[in-house]
Amino acid sequence: MKTLRAASLIMSYLYMSQSLVYADEERQLTVTWAINDAPPFHVIEGEYQNSGICDVLIDSLKDTMTHTTHETVLMPQNRVRMLSKQKENLCFPCLIKREDNDVWVYTDETVVHAPLGIIGRPEVLDPFLNEDGRIALESLVSSAPLRMGKPLARRYPDLLQPLVDNVSKTRHFAELTGENATVRVLEQIDMGRLDYTLEYPSILQYYNMTQGASTLVYYETAELANNGVAGAIGCTNNAWGQDVVKRINQALPNVLNTPIYQKQQEFWRGSLPKPQGNIVARKQP
């Protein structure tokens with residue numbers, strides 16, 4: 001009888017354990033990834049489809065977080081932020097790493113982007129080169145009638161955002177909306193309709209890869225110099241988002257060390273034409 005009772009207890013324990021596994025699977029986490037048409041962070045179509053900086057990050061997390069359901073939705077970045085403010089459950093994979101706030105809770109660092117810099121035509125920007133071969137964004141912002149352009153939803157590191165906010169209040173400023181805004185800003189500069197933008201070199205690299213070699217040049221800023229910009233995933237700052245961030249952080253060490261992720265990051269850091277500085281730098285205002 002004791003043997004039968006012991007066997008019965010073991011079977012009951014196994015049954016309960018299995019039931020808990022099933023219950024856990026029923027409560028399986030679903031992560032909603034919000035992406036937008038902003039190459040090279042996300043490439044929605046064309047030759048480089050799904051090979052953007054954050055496309056590969058999402059794919060690598062899907063492969064690592066095998067007990068998680070992943071859904072991807074395409075929407076403008078402004079709508080992503082609006083829904084996150086409304087506490088909708090979603091994660092945005094391509095944000096600058098910041099302190100947690102009312103809207104976003106951030107993962108650990110996922111990437112260090114090559115330095116944010118100024119992109120434009122050398123005949124316009126070379127006169128602003130300093131002795132270090134860089135350009136102070138402040139000198140461009142204060143130099144009307146130079147015209148700055150940027151995608152509507154783009155935000156910048158705290159050191160540069162106030163300068164952009166200042167020029168945005170003038171008529172020497174344009175924000176482009178809609179699909180592929182990152183590329184369309186460069187097109188406007190290439191055609192002489194705008195003079196410069198503040199962007200990552202990977203965006204100019206993508207532009208040259210898809211539109212043909214341009215005359216545009218990337219310049220480091222005097223403000224950031226060669227300091228990279230840390231990126232992270234942001235999830236809605238609610239109980240769901242905080243849980244997701246913890247799980248992503250557990251997966252990230254494996255993701256960041258995979259050869260495919262490292263190769264992709266190296267590819268997008270690439271190499272670009274450097275400013276020649278053939279025009280003598282003038283005294284900055």
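The largest cavity of this predicted model has a volume of about 80 Å³, where a cavity is a set of points on a 1 Å grid over the protein atoms alone at which a 1.4 Å probe fits but cannot get out, and a volume is the space filled by probe spheres set on points joined across faces, edges and corners. The count comes to 1 cavity of 30 Å³ or more. Local features need pLDDT of at least 70 and side-chain atom pairs count only at pLDDT 80 or more, whereas totals for chains, interfaces and linings use all residues. Residues are numbered from 1 along each chain as its sequence is written, and side-chain values use heavy atoms, with hydrogens and water left out.

**The largest cavity**
- Its lining, meaning residues with an atom within 4 Å of a point, consists of I53, V111, V112, H113, A114, Y200, P201, S202, Q265, W268 and R269.
- Two or more of these residues come from each of β5 (111–113), α8 (201–211) and α10 (259–269), helices being DSSP runs of H or I with at least four residues and strands runs of E with at least two, numbered from the N terminus.
- The lining divides into 7 nonpolar, 3 polar and 1 charged residues, with Ala, Val, Leu, Ile, Met, Phe, Trp, Tyr, Cys and Pro counted as nonpolar, Asp, Glu, Lys and Arg as charged, and the others, Gly among them, as polar.

**Pockets**
- The largest pocket, a pocket being an open set with protein on both sides within 12 Å along at least five of seven lines, holds about 1000 Å³ of space.
- Of the 44 residues that line the largest pocket, N36, Q77, F92, A153 and R154 lie nearest its centre, and the elements giving two or more residues to this lining include α3, β3 and β4.
- The lining of the largest pocket comprises 22 nonpolar, 11 polar and 11 charged residues.
- The second largest pocket has a volume of about 160 Å³, and its lining divides into 5 nonpolar, 3 polar and 4 charged residues.

**Helix α3**

**Strand β6**
- Strand β6 (residues 117–120) runs antiparallel to β9 (residues 196–199), joined by 4 bridges, where pairing requires that DSSP finds at least two bridges, and I118 stands opposite L198 in β9.
- β6 is also joined by 4 bridges to the antiparallel strand β10 (residues 217–220), with I119 opposite Y218.
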